[in-house]
2 protein chains.
Amino acid sequence: MSTLVEQLIQTEAHQSIFESAVRQLPLPVCAAFGSSSSPQAVSFSNTDRILSTKDSEGVRAQFPQSVAASGNVVLTSAGPSSAAVQGKRVAVLFSGGPAAGGHNVVCGLKRVLGAGNTLFGVKAGPKGLLKGSLFEITDANVDFILNTGGFDFLGSDRTKIKSDKQFAQVRETCIKHNLDAIVVVGGDDSNTNAAVLAESLFTGVKADGSGVQVIGVPKTIDGDLQVGDLLSISFGFDTATRIYSEMVGNILQDTSSSLKYWHFVKLMGRSASHVALEVALQTKPAIALISEEIASKQESLASIIDRVAQVIVERSHQGMNYGVLLAPEGLIEFIPEMNAMIAELNDLLAHHLTKFSALTDDAKPAFIGHKLSPDNASLFASLPHYIVNMLLAERDSHGNLQVSLIPTEQLLIDMAKQRVKELDPQVPFAAHSHFLGYEGRCGAPTLFDAAYTYNLGLTAGSLILDGRTGYMATITGLTSGGTPQAIPLAGLLNIERRHGKDEFVIEKALVKMDSPAMQYFVARRSDWAAGDLFASPGPRQFWGPTTHQLPISVALNSGADSLMFSIG
Amino acid sequence: MSTLVEQLIQTEAHQSIFESAVRQLPLPVCAAFGSSSSPQAVSFSNTDRILSTKDSEGVRAQFPQSVAASGNVVLTSAGPSSAAVQGKRVAVLFSGGPAAGGHNVVCGLKRVLGAGNTLFGVKAGPKGLLKGSLFEITDANVDFILNTGGFDFLGSDRTKIKSDKQFAQVRETCIKHNLDAIVVVGGDDSNTNAAVLAESLFTGVKADGSGVQVIGVPKTIDGDLQVGDLLSISFGFDTATRIYSEMVGNILQDTSSSLKYWHFVKLMGRSASHVALEVALQTKPAIALISEEIASKQESLASIIDRVAQVIVERSHQGMNYGVLLAPEGLIEFIPEMNAMIAELNDLLAHHLTKFSALTDDAKPAFIGHKLSPDNASLFASLPHYIVNMLLAERDSHGNLQVSLIPTEQLLIDMAKQRVKELDPQVPFAAHSHFLGYEGRCGAPTLFDAAYTYNLGLTAGSLILDGRTGYMATITGLTSGGTPQAIPLAGLLNIERRHGKDEFVIEKALVKMDSPAMQYFVARRSDWAAGDLFASPGPRQFWGPTTHQLPISVALNSGADSLMFSIG
């Protein structure tokens, strides 16, 4: 074996040259935590901000202990923790899709809990909490996972803890492992779950009648978990959008090198278009569709396609038979007429099931097309053959179409091609489609996400040592050093009636039409469509002059005067 | 407008924070070129290496002037150029698919030609040479494109210059712009074209009877343009494989975070599997298929699928219901039985066209299936429905199936699913497919590709100033400072009979079974399949401790004792 082969074998199992190097990167901590080499827990005190939603009264009734304790008041750090709390047993779990920085939350927790307390990892998400699959996390573990991507140190899953049986299982796990606290790292659903768990475990879990604390940590690459200036972004969004932006930047560079292709790129973001907007701001493509704008303008599919085709034709007339279009994953669901047509289709198919099923595939579209109301029938007739088949074929167990299965990027290409031909048959239009999704969830966290999540871990740990429950950790003031704060989860909850039952939800933050980020995009996009003004943001860097950037949309929406973040 | 908005507008049109920073990165030059701040041209002298192929005699007959001049002898740099050549007019063009580093070839050329000579850019590839679309490249252009990705400064296309009319057009362009030399940046086809052009323009282009020099520069992300230790890799391969490796590393991290998916990833590489092998060496996935190995073992599709399914089942039995498979784009064409079946299908369809066309789609597979020879019929029957339809439907204008249209990654998923069910019905298997292609062609070049291409540009320019024609520029000794050398293009040519005509080709370099890179892969892959030994190579870095890496396969195959490259 050569020396090189031996070196290469040593890079196996998370020991690439890069992974070994990023483990050594120092992480800044908010001034409140003291020195970065040995961060100390902080205590918390009330601010004068009280959170409320339209459903606060209803929520109070169902979260009596949490609301009585917190008063829905936001907490802020109030100096070093005076009591040296010892002997706490804390479990941390990842919930839902992975996002970069999750490992650093664990690292921050472990460091702030220190040798006097014990941190357990819950294996494979909420399901592991039900089963009681816990293991003790060591300092060596933390050194190994620091600044690495993914959730693979613990694993994750999407189990929702809802039933009485599940709550009983959680209790059992708490008792079996003598837990004092649980940290749930997750998105809006998981933090709602954390609120419910906090109330459920508020008292009477342990022999002495005391409860188990529950703290949430805000994760989601979609960026739709935001609470104004209290939570300007969830972690993972920066890394994911930087990864997608590099790919889109590379593709843009390819379009003006090869001079003959359009690329239609679908990006993560079913409920909100933050990812598409951020990637557009980073790369400046010819077209970016924002679902919330389409919904707010009640734009029809035909109008969207026309808008896209006009840009294609105008660019071609300027000699540019190429370009890039960005579209969020959830686009179709934001087009009002599509929703209306799909709803009528669902009804018709349920109503005429026997007759419909007896038809040959060729006869089905006409059979249904004739029964649709005029508007829906005309939309139905405008769709490509494979979309019509999909609309008629695929129903979930509730009889609903799974809209997310529609290949939006291909639909847009095919309909735009048709419209371009109508507008100017001389315009060539060749397009490729892409979906950027999984590639962005588990990359090594950007220095922003790495520092942010480490400080979120320090904050979550401090909240536990300070005896708090039912809060979500946050860091405010991301451009001015950072302040550890805590958001009372019950203060975020709304009540939605689903399947005849009240369900609690944290409202998803959508792209707002009047936000600075959206307004900047709207002001620039016609110039981006008319020429080649794109930029390549490049791969995220961990050393050198380009490391300390905030997401552009976050910086704009927070009124920052530069892209630099500042923690510590 | 806020200050931040003004800053953001300044990042438009290739002025991202990253792009502005990489322009300032210093590039090392081979010692032969003197100081990196002011590199000087070198002269060349013969080495004692003479290149030959089985067709050398035939080639000599058709490239009499080139071979007489070069003797097919490799050149090496021989000290600083003594004559200060002035007044040369040189055109550079990009040919074929883009690859990272092309811009730096232009930069190296411009710097070494200096103020005394003129460099022109040919717009949009070989087609631009036919049309005479040239413009003068300035020092400011060079400062702007340095270290940026893509071919967009000039554009590219895939026109092959073959006909007498085209050769006459090139002559016309040379005369119109009074050119002394042309630099062709391209892959094996483009360098073959450069050889033909060099011979065609050897003499008698200009009024004084002199010719136009032609120099090739070796580009291709597929890595299949290699000439042993004379050209250990073409440029663009390192950047592309590093981009794909980050994506695959992120997906691997996702598999062991989400714990429920396989991802089948198709990678660039139709003729050779260098990309798939390099990405496998970088990331250590559970499975990587290498086309050349399949061809050399005459492995059947059923055997490949069985091999894949066995790994899926064994990993599942170890609790890992997830993993990553890598497959090269050209896989199908390397499976002997698939080629045999497709050839028989092509014949049958041509023979029974009228009868076949009259059938309904449902009746077609059985009609053809019965006519196939037994082996081919059984393979045909084993394929998924959509592949059968594709095999029966799509023929190009020559009556051939376009094998590259087959969605290999989906075929492998569907057939593996079937086989897994046979092996153990309890094993869950859910898979996603990906194709990583365009994302890797136009990223900012790694420091290796950036330095390599800049030095290739300096070498190509030096060859022109030294009066050479019909050579390909190369840098040898990439781990020991680098030496500018030149490969006589005619010495690489083979003759292939195509459509009744002799065609010249540079043989594509395939993955060799006995190469150190392949042997290392073979030695490790069962361990990678059995456990989670993957590594995340991370995004390519331009500053800091992880910047100076060679591709692993290149380092292994060159017998290097580390991954560090060393130029200058």
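Predicted model: local features only at pLDDT ≥ 70, side-chain atom pairs only at ≥ 80, totals over all residues.
In chain A, helix H9 covers residues 188-200, which amounts to 13 residues. From its first C-alpha to its last, H9(A) reaches 18 Å, close to the 18 Å expected at 1.5 Å a residue. The helix is mostly covered, since twelve of its 13 residues are buried.

The discussion now turns to the contact between the two chains. Chain B gives 63 residues to this contact and chain A gives 64 residues. On the side of chain B that touches chain A, the elements that give two or more residues are helix H1 (3-9), helix H2 (17-22), helix H10 (237-258) and helix H22 (552-557) of chain B. H10(B) provides the largest share of that side, with eight residues. By residue type, the side of chain B that touches chain A divides into 28 nonpolar, 26 polar and nine charged residues.

B:Arg60 lies in helix H3 (residues 56-62) of chain B. Is B:Arg60 buried, exposed or partly exposed? B:Arg60 is partly exposed because 17 other C-beta atoms lie within 10 Å, whereas a buried residue would need 20 or more. B:Arg60 and B:Arg171 are 111 residues apart in sequence, and their C-alpha atoms are 23 Å apart in space.

Definitions and conventions
Residues numbered from 1 in each chain as written. Chains lettered and ligands numbered in written order. Helix = DSSP H or I, 4+ residues; strand = E, 2+ residues; numbered from the N terminus. Expected span 1.5 Å × (residues − 1). Contact = placed C-beta atoms within 7 Å. Nonpolar A, V, L, I, M, F, W, Y, C, P; charged D, E, K, R; others polar.
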